[in-house]
Amino acid sequence: MRFYIKDKYLVPHLGEGSLPISKIQTIPQPPLNPDFSFNPDLQLLLTGKQLILDDLPFPHDEIQKHYENGYVTYRKGMEYNRSQPTCSRCGNNKENWFAQFPCSRCGEICHYCRKCLMMGRISACTPLLGWNGPAPEQPLPKTILEWKGRLSEGQQAASNQVVHAVESNKELLVWAVCGAGKTEVLFEGTESALTARKRVCIATPRTDVVLELTPRLKAAFPGITVASLYGGSEDRHLYAPLTIATTHQLLRFYHAFDTVILDEVDAFPYTVEESLQYAAVQARKPESAMIYLTATPNEKWQRECRTGKRAFTTIPARFHRHPLPVPHFTWCGNWQKQLKKEKLPANILHWVKERLKNKKQALLFFPHIGLMEKFLPILRQLTPNIEAVHAEDPDRKEKVQKMRNKEIPLLLTTTILERGVTFSNIDVAVIGAEDNIFAESALVQIAGRAGRSKDYPKGVVTFFHYGKTEEMIKARKQITAMNQEGTRRGLLDS
Ligand SMILES: [Zn+2]
Ligand SMILES: [Zn+2]
């Protein structure tokens, strides 16, 4: 789009003297006119957002009126540092992530951002729209938190810290072991924010987690509107005091939330996508709290915790008060060479046979699909109903469900099941734990699949390897350190 400045206003205009918005030096913001009667639907849609005109089902005339009366803001969709563009929505500034096209909206050869294209095109002439008027009312029910459960001692200590961080707009890392019950740790902090009429967002890299958390939070906060946002969700335009979203969806928010809770900060794709980290920061209000949740902080964060540079709290013990299973390291020789001759190392075969004999279900993790698929027919000679699953497997959900129903004795998997899934009573093995793909965090998550249930708090975890790695050692160290802290703090029964 092209604009020109008339009487200290930006006015859409195609003729002489007009410019694409990115070329206008300073965007004027008219003062708020208290006598203007604004459209409450636009208020609901735009509060805390950064949207493009295509996102808004309102005529541009009406939006322009709101701008002239100070209720809507225009920002440049793209900022230039000399000739170098940066996308204001996703933060992309890498040259190869921009392209050019002959743009019908501004009549020029226009740059656009390829990085966030799936959310609608941001080009050099795209205005990003926001809301500058009053925020919508947030009616509160009498009781906000209806959850009747009880926190474990470890959960309660962490929960108190979360409440404190929320109230004082601080950052806090909650480092909770797999199976600690971290969702419940958010309830009191969320309640305290909602009571103060603050807006809360729980964001996570994975859609699965949004779908799992939504019903739990709706049940805990039945009187509160909850927006559940992921690609294709119906709540896209819903204004809510409590939002649960994938980190991707945060790209549409701007200075929206007083509290952002970022779950699984170490998980793909958040760790690799700079734009998602940028989105999480943009979605926060300048004065806000940020709670990070993870079972496996990366090395940099662990170091910052140790040296006092990062505020953190740990939940070193599971809610059932049993220690985490500590991985055994078992050398299995050159297993890939044996596999070429369609043979398995004797100790792996023995491990599997033991489980089948004792009817103990097990998960077997592999570094790559190809290797897993060579293993499968050999193991099926022992019993035909063994299954294997990987990321692109169309039957992934069914196979996981069959495992839950105890219809299959053994499930072979790639790292796709390293987090998020819970089976009540399983042993876990990693085949080829020396592979690069098994970083410390992956190994801690994998070991964290065992012993989750209070009825079966024990599980065997074995890392079969052809040469111990640094990552394996660090993973085991992290697990034993958590168990020791759990003992020291009196959070373990055994
Ligand atoms: Zn972008
Ligand atoms: Zn253009």
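Two strands count as paired if DSSP finds at least two bridges between them. With that in hand, here are some close-up views of this predicted model.

**Figure 1. Strands β21 and β22 run side by side in parallel.** Residues 426-431 form β21 and residues 461-465 form β22, and four bridges join the two. Look for V430, which stands opposite F463 of β22.

**Figure 2. An open sheet is built from six strands.** At the edges sit β17 (328-331) and β19 (387-389), each of which pairs on one side only. From one strand to the next, the twist averages 20°. Helix α11, residues 396-404, packs on this sheet and touches β18 (361-365), β19 and β20 (410-413). The direction of α11 makes about 135° with that of β19.

**Figure 3. Strand β4 is largely enclosed by the rest of the structure, because four of its five residues are buried.** This strand covers residues 72-76. Its partner here is β9 (residues 127-131), and the two pair in the antiparallel sense over five bridges. One pair to find is V72 with its bridge partner in β9, W131. As background, strands of a sheet pair through backbone hydrogen bonds, either parallel or antiparallel.

**Figure 4. Helix α4 has several buried residues.** The helix spans residues 187-195, and its buried residues are F187, G189, T190, E191, A193 and L194. Among the elements that cover them are the helices α3 (153-167) and α5 (207-220). The cover also includes the strands β11 (200-204), β13 (242-246), β14 (257-263) and β15 (284-294). Just after α4 comes R197, whose phi is positive, at about 55°.

**Figure 5. V174 and A176 touch the most other members of the largest nonpolar core.** That core has 131 residues. Leaving aside residues up to four places away in sequence, V174 touches A158, V162, K182, V185, I291, Y292, L293 and T313. In soluble globular proteins, nonpolar side chains tend to be buried together.

**Figure 6. Domain 2 meets domain 3.** The domain assignment of the chain gives domain 1 (2-131), domain 2 (153-315) and domain 3 (328-488). Between the C-alpha centres of domain 2 and domain 3 there are 30 Å. Where these two domains touch, 11 residues of domain 2 are in contact with nine residues of domain 3. On the domain 2 side, the touching residues are five nonpolar, four polar and two charged.

Notes
Residues numbered from 1 in each chain as written. Chains lettered and ligands numbered in written order. Predicted model: local features only at pLDDT ≥ 70, side-chain atom pairs only at ≥ 80, totals over all residues. Axes fitted to C-alpha atoms, helices over the stretch in contact; angles between N-to-C directions. Contact = placed C-beta atoms within 7 Å. Buried ≥ 20, exposed ≤ 12 C-beta atoms within 10 Å, placed from the backbone. Core = buried A, V, L, I, M, F, W, Y, C linked by C-beta atoms within 7 Å. Domains from an automatic or database assignment. Nonpolar A, V, L, I, M, F, W, Y, C, P; charged D, E, K, R; others polar.
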